[in-house]
Amino acid sequence: MDANTLYVLRIADACLIHGQRLAEWCGHAPVLEEDIALTNVALDHIGQARSLLALAGVLEGRGRDEDALAFLRAEREYRNPTALELPNGDFARTVLRSFLWASFMKVLCTALAASTNAQLAAIVAKSLKEVRYHQQHAGDWVVRLGDGSEESARRMGDALALLWPYTAEWFADDEIDAHAAASGIGPAWSSLQSAWRAEVEPVFAEAMLTPLADTPFRSTGKRGVHSEHMGFLLAEMQSLPRAFPGAVW
Amino acid sequence: MSTKNEWPLWEVFVRSKSGLDHKHCGSLHASDSAMALQMARDVYTRRQEGASVWVVRSDQIVASDPDTKDMFFEPAEDKVYRHPTFYKLPADVDHM
Amino acid sequence: MSATTHSLEEIFQAKIDADVRIEPKDWMPDAYRKTLVRQISQHAHSEIVGMLPESNWVTRAPSLKRKAILLAKVQDEGGHGLYLYAAAETLGVSRDELLDALHSGRAKYSSIFNYPTLNWADVGVIGWLVDGAAIMNQVPLCRCSYGPYARAMVRVCKEESFHQRQGFDALNVMMTQGTPEQRDMVQDAVNRWWWPSLMMFGPPDAESTHSTQSMRWGIKRISNDDLRQKFIDATVEQARVLGVALPDPDLKWNEARQSYDHGPIDWSEFWNVVNGHGPCNRERLADRVKAWDDGAWVREAALAHERKKQLRAKAA
């Protein structure tokens, strides 16, 4: 697979895996209204994943469609950042991850409008509208919980301590970023860091949260080396297509 | 009972497209106005039903009393001269 | 009964007989209010408990298209629950009270959701048969005498037809383009859901406790047995198109009645499930209670945040 395909696949898989996690909330949210709202966010992610996986399949040129890529790859071939595959945890962790990722997607999609790949630019133009809403919805929750009750503030603090170290991976460039920037398909993700911080910090301030200091920890999902949780997520997600080869759904 | 901790109720009004009135379409619970607007969007406009949304706290609505319905609304009944059909005009100009 | 109550009741019944809708602030007999609260809240509970058997397959949907369809569908059920709770709230009960009745086991919900979803075809069959039966039940409620309930049902019915169609479509693809294993899967699901679907219309008219009064009040328009027959007559042809067998050897066309005759329904199973002894009663309720309890701190925090905001606004 060439570098540009992998670059697209990172974004596609992030949407897919995050959508899969958010979908787990369906039927189990703290109130009915939020159940419906969270499912809308999950649906947007699955829609984004479908468009981006289809594009990755075209770039790859081996005839794999969105479902072949979503359901029939080995764990190492998934390229999502690790943060998105971690279990949902409580509602605080869910909305914080959603906010952090939506903020990232907002700056990424904005930059990708200038992509030399016209299809990618068209996909992200649509996604940008969706992620702006995700950021608003999740960001409002981060503020409510961060500056809510004692318990919610504690839970939000715990969520931040757990998730923050995983965000470092998003901005740790490798040869795929270098190639993407050189070819013009998209920015090296490290170049998005200051814009992302500018999105995150005002909301953190309102939520009484402080970004944590950088740690030596680097997750490596983008390179296909995932957490222990990924195997279970994939086993569940892939079970039917794996059990019934040749089936039509 | 936990009712005292229930989020307030909001009434939702949706304008389906520019040029039309906002129409009452239901209600929902939300802890604040920003949330009420978002929830209204997520609950009541999933099928492109909306171009604009209003939300208002249900307890802020002042409503007429069904017991005064006769006093309120029946006096309008005999004011037939307010309606265009009251006036019989010559056929040539009756499209007026 | 005092003279005024009597005349109020007469006016009320005259309105119903004239097909005039009753609105929240209108006078209504206590028993009418109670019946509506019971029926609307049971209906709402059924919608949100009904999210569970299907959301059981969300993470395992076999294609991204089917995953999106299923999510949107289960989400709609949540929406329907919400519209219905809101309709019940116009009668002077809070949603929290209604949920408390559900969580403590005092309130009932449709027994169909106490059956397990064991394979992917169950999702399609629930759309086709269970939602199909629900639509039969619900369409007449769009003309229910209580305005807010009728309006909620109009919205529900509009959305529900997508549910039945997506279910049939999913099954049809498996039957016409799928593998033999997939066709077996569909038949297995039909075998398990057919009889419980027929039970969704409630006990036979002769044994139905609430029916007569509900008919008089315009809350119920068509009898259980008539709706059940209508459903069977519509479904037999659909099953033929799909190429599945309905698991009833006695199912055959009756020329004289211009309807299908069917075999006896096992009402002892129905009452067992209603009374808490179905395959999933405990799990379903436990799932709802857990989601509600786990969310308590979120609901409280949101209120706490709003109170702080108000205080700050006042201080400023």
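In this predicted model, the charged end of R41(B) sits over the ring of Y133(A), with 3.6 Å between that charged end and the ring centre.

A pair of aromatic rings is described by the distance of the centres and the angle of the planes. Over all chains, the count comes to 32 aromatic pairs. One of them joins F244(A) and W249(A): the ring centres are 6.0 Å apart and the planes meet at 80 degrees, so the pair is edge-to-face, the limit for that class being over 60 degrees. With a relative accessibility of 22%, F244(A) counts as partly exposed, whereas W249(A), at 14%, counts as buried, because the term buried applies under 20%.

Chain C supplies a further example. The rings of F12(C) and Y32(C) have centres 4.8 Å apart and planes at 75 degrees, so this pair is edge-to-face as well. The pair links distant parts of the chain, as F12(C) belongs to helix α1 (residues 3-17) of chain C and Y32(C) to helix α2 (residues 30-49) of chain C, 20 residues apart. F12(C) is buried, its relative accessible area being 3%, and Y32(C) is likewise buried, at 0% relative accessibility.

In chain A, ring pairs also build a cluster. Its members are Y7(A), F99(A), W101(A), F104(A), W164(A), W170(A), F171(A), W189(A), W196(A) and F204(A).

The remaining topic is the interface of chain C and chain B. Chain C contributes 23 residues to the contact, and chain B contributes 23 residues. The area buried between chain C and chain B is about 1,900 Å², and carbon and sulfur atoms give 52% of that area. Across this interface there are four salt bridges. D76(C) forms a salt bridge with R46(B), in which the closest N and O atoms are 2.6 Å apart. Eight residue pairs are in polar contact across the interface of chain C and chain B, both residues being at pLDDT 80 or more. On the side of chain C that touches chain B, the elements giving two or more residues are α4 (64-89), α5 (95-103), α7 (147-177) and α13 (296-315) of chain C. The largest share of that side, seven residues, comes from α4(C).

Technical notes: Residues are numbered from 1 along each chain as its sequence is written. Chains are lettered from A and ligands numbered from 1 in the order in which they are written. This is a predicted model: local features need pLDDT of at least 70, side-chain atom pairs count only at pLDDT 80 or more; totals for chains, interfaces and linings use all residues. Side-chain values use heavy atoms; hydrogens and water are left out. Rings of Phe, Tyr and Trp (its six-membered ring) pair if their centres lie within 6.5 Å; planes under 30 degrees apart count as stacked, over 60 as edge-to-face and the rest as tilted. Buried means under 20% relative accessible area, exposed over 50%, partly exposed in between (1.4 Å probe, protein chains only). Helices (H or I, at least four residues) and strands (E, at least two) are DSSP runs, numbered from the N terminus. A charge sits over a ring if NZ of Lys or CZ of Arg is within 6 Å of the ring centre and within 35 degrees of the ring normal. Contact means heavy atoms within 4.5 Å. Buried area is the accessible area (1.4 Å probe) that two parts lose on being put together, summed over both. A salt bridge is a side-chain nitrogen of Lys or Arg within 4 Å of a carboxyl oxygen of Asp or Glu. A polar contact is a pair of N or O atoms within 3.5 Å; within protein, one must be able to donate a hydrogen and the other to accept it, and residues adjacent in sequence count only if both atoms are side-chain atoms.
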